[in-house]
Amino acid sequence: GKGKYIPSLLTSGHKFEGIWHTGILAFGKEYWYGGGVFQSTPAQTPFGEPLRIVRLGKTLRSQKELMRYISDELQCQYTYATYDVFTNNCNCFS
């Protein structure tokens with residue numbers, strides 16, 4: 001990935017093979033974090049087609065329960081102001 005071209009000076013000395021975006025697919029929608037919590041048609045995020053899909057299993061929760069959890073819990077934690085490329089990013093959300 002393009003992450004290997006980022007100077008290590010900008011990443012506190014860390015070297016990366018790539019900078020990958022992740023999201024969660026549930027109830028026919030993709031949920032992801034990028035400065036806010038978003039819901040999109042799968043593979044239609046600004047990050048393009050997924051390179052890999054990892055199946056995590058099924059949920060026993062309803063879509064209504066998921067939406068309530070996102071609005072009551074996650075939207076407060078995953079905001080534009082709390083985004084950090086290393087400590088609070090889409091991979092932490094997923």
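These legends go with close-ups of a few spots in a predicted model. Local features need pLDDT of at least 70 and side-chain atom pairs count only at pLDDT 80 or more, while totals for chains, interfaces and linings use all residues. Residues are numbered from 1 along each chain as its sequence is written, and side-chain values use heavy atoms, with hydrogens and water left out.

View A. Glu30 sits in strand S2 (residues 29-33); strands are DSSP E runs of at least two residues, helices H or I runs of at least four, numbered from the N terminus. Buried means under 20% relative accessible area, exposed over 50%, and partly exposed in between (1.4 Å probe, protein chains only).

**View B. Ala43, next to the Glu30 side chain.** The backbone nitrogen of Ala43 lies 3.0 Å from a polar atom of that side chain. Ala43 belongs to the loop between strand S3 (37-40) and H1, and is buried at 18% relative accessible area. Its phi is near 65°, a positive value in a residue other than glycine.

**View C. Phe27, another residue with positive phi.** Phe27 has a phi of about 55° without being a glycine. Look for Phe27 in the loop between strand S1 (24-26) and S2, partly exposed at 37% relative accessibility.

Definitions and conventions
Polar contact = N/O pair within 3.5 Å; in protein donor to acceptor, adjacent residues only side chain to side chain.
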